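The briefing below is arranged by topic and is meant to be read alongside the sequence and the coordinates.

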Amino acid sequence: MAQRTVGIVEGWTGSMDFRLLADGDPQNLTGMTVEAVGYNRLKQAVVLTGDLSILSATGGTVRLQPDTGDFVEAQSPYELRFKVIDGGLAVFFPSEEPIAVKVRR
């Protein structure tokens, strides 16, 4: 599967919506916990302080609303995945290539 790329401008705080797919179908997120997991261009973990919410549990859609400093141009591109926890078990979306977040000035 080809890597998905999202382009944003440094300081972006607008909504970023993503659909989490399992074998091509939306992952049912009912009763599950979701968190965003990011890494900078040096493959160092970054703490994303913005808000993450589930828009449609049955549609597998989540919304990331980053804080101003979550994605900075100097550390771009970022790798982004979503960690879904169900009853103590964790899976990641996407499970193959992460989403590339390219930040511009």
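F18 has a relative accessibility of 3%, and F18 therefore counts as buried, the limit for that class being under 20%. The model is a predicted one, and the values that follow are computed from it.

**Aromatic pairs**

- How many aromatic pairs does a search of the whole structure find? The search finds two.
- F18 and F82 form a pair whose ring centres lie 5.2 Å apart and whose planes stand at 50°, so the pair is classed as tilted.
- Because F18 belongs to strand β2 and F82 to strand β9 (residues 78–86), the pair ties together parts of the chain that are 64 residues apart in sequence.
- F71 and Y78 form an aromatic pair with an edge-to-face arrangement, in which the distance from centre to centre is 5.0 Å and the angle between the planes is 85°.
- Both of these residues count as buried, F71 with a relative accessibility of 3% and Y78 with a relative accessibility of 2%.

**Salt bridges**

- The search of the whole structure also returns two salt bridges.
- R63 forms a salt bridge with D17, and the closest N and O atoms of this pair are 2.7 Å apart.
- This pair links distant parts of the chain, since R63 lies in strand β8 and D17 in strand β2, 46 residues apart.
- At 55% relative accessibility K43 counts as exposed, whereas E79, at 22%, counts as partly exposed.

**Strand pairing around β8**

- Strand β2 (residues 16–19) and strand β8 (residues 61–65) run antiparallel and are joined by four bridges.
- Strand β7 (residues 51–56) is paired with β8 in the antiparallel sense over five bridges, and I54 stands opposite V62 of β8.
- Four residues lie between the strands in the hairpin of β7 and β8, where G60 takes a positive phi near 70°.

**A buried loop residue**

- Where does Q27 lie? Q27 is placed in the loop between β4 (25–26) and β5 (33–39).
- With a relative accessibility of 18%, Q27 falls under the 20% limit and therefore counts as buried.
- When neighbours within four places in sequence are left aside, Q27 is in contact with L20, L21, A22, M32, A57, G59, G60 and F93.
- One of these contacts, G60, is the residue with the positive phi in the hairpin of β7 and β8.

Definitions and conventions. Residues are numbered from 1 along each chain as its sequence is written. This is a predicted model: local features need pLDDT of at least 70, side-chain atom pairs count only at pLDDT 80 or more; totals for chains, interfaces and linings use all residues. Side-chain values use heavy atoms; hydrogens and water are left out. Two strands pair if DSSP finds at least two bridges between them. Helices (H or I, at least four residues) and strands (E, at least two) are DSSP runs, numbered from the N terminus. Buried means under 20% relative accessible area, exposed over 50%, partly exposed in between (1.4 Å probe, protein chains only). Contact means heavy atoms within 4.5 Å. Rings of Phe, Tyr and Trp (its six-membered ring) pair if their centres lie within 6.5 Å; planes under 30 degrees apart count as stacked, over 60 as edge-to-face and the rest as tilted. A salt bridge is a side-chain nitrogen of Lys or Arg within 4 Å of a carboxyl oxygen of Asp or Glu.
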